[in-house]
Amino acid sequence: MNLNQTMWYQAGVFFILALFTMKFVWPPLIGAIDARMKKIADGLSAADQGQAAMKEAEKKIQLELAAAHDKGMTQIANAEKRGQLIVEEAKNAANAEAARIIAAAQAEAANQVTKAREELRDQVAVLAVKGAEQILKREVNASAHADLLNQLKTEL
């Protein structure tokens, strides 16, 4: 074999190898590369969608936080109003109870004053009888002169 034949032989083998590679090796390789490119593109698209979904979720969270804050502030305001109403009701109840106690005390004081006056009248009547006894130097019968004593009590 000479050099020329060997070169043609090598060129033929190279040509057959190139045809074989183009027919059987390149299609699966190109398919794998295309599949990988599609997978990468899908991944990038999913990442973009994920970021957009994350931004949307953050917006939604901010809105919900604002709504929760507003609701909390409303509940606090309602609780404060309720507390003020309870305090006012307690004040009113205390004032009513104080007025009732004062009225009862005034009534009791009036009863005691009346009772003290009655006792004082009785004591004055007894003293008047004793004084009259001393003046007359004789004993005055209280039961016999009851009408006179009652009249004296009313005058005092």
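How many residues apart are F20 and F24 in helix α1? F20 and F24 are 4 residues apart, so about one helical turn separates them. The model is predicted: local features need pLDDT of at least 70 and side-chain atom pairs count only at pLDDT 80 or more, while totals for chains, interfaces and linings use all residues. Residues are numbered from 1 along each chain as its sequence is written, and side-chain values use heavy atoms, with hydrogens and water left out.

**Overall make-up**

- The protein has 2 helices and 0 strands; helices (H or I, at least four residues) and strands (E, at least two) are DSSP runs numbered from the N terminus.
- Helix α1 covers residues 3–136.
- Of the 156 residues in the protein, 3% are buried. Buried means under 20% relative accessible area, exposed means over 50%, and partly exposed lies in between (1.4 Å probe, protein chains only).
- Accessible areas come from the Shrake-Rupley method with a 1.4 Å probe; for residues, only the protein chains shown count as cover.

**Aromatic pair**

- The whole structure contains 1 aromatic pair. The partners are F20 and F24, with ring centres 5.1 Å apart and 45° between the planes, which makes the pair tilted.
- Rings of Phe, Tyr and Trp (its six-membered ring) pair if their centres lie within 6.5 Å; planes under 30 degrees apart count as stacked, over 60 as edge-to-face and the rest as tilted.
- F20 is partly exposed at 45% relative accessible area, whereas F24 is exposed at 51%.

**Nonpolar surface patch**

- F20 and F24 also belong to a nonpolar patch on the surface, whose other members include F15, L17, W26 and M37. Together the patch residues have about 1200 Å² of accessible area.
- Patches are made of residues with over 30% relative accessible area and no salt bridge; like charges are joined within 9 Å, and nonpolar side chains (Val, Leu, Ile, Met, Phe, Trp, Tyr) within 5 Å.
- I30 is among the patch residues and has its place in helix α1. Its relative accessible area is 38%, so I30 counts as partly exposed.

**Salt bridges**

- Side chains of opposite charge can pair when their charged atoms come close. The criterion for a salt bridge is a side-chain nitrogen of Lys or Arg within 4 Å of a carboxyl oxygen of Asp or Glu.
- A search of the whole structure gives 3 salt bridges.
- K38 pairs with D42, with the closest N and O atoms 3.2 Å apart. Both residues lie in helix α1, 4 residues apart, about one turn of the helix. K38 is exposed at 55% relative accessible area, and D42 is partly exposed at 42%.
- E97 pairs with R100, with the closest N and O atoms 2.4 Å apart. E97 and R100 are 3 residues apart in helix α1, about one turn. Both are partly exposed, E97 at 35% relative accessible area and R100 at 48%.
- E118 pairs with R121, with the closest N and O atoms 3.2 Å apart. E118 and R121 lie 3 residues apart in helix α1, again about one turn. E118 is partly exposed at 38% relative accessible area, and R121 is partly exposed at 25%.
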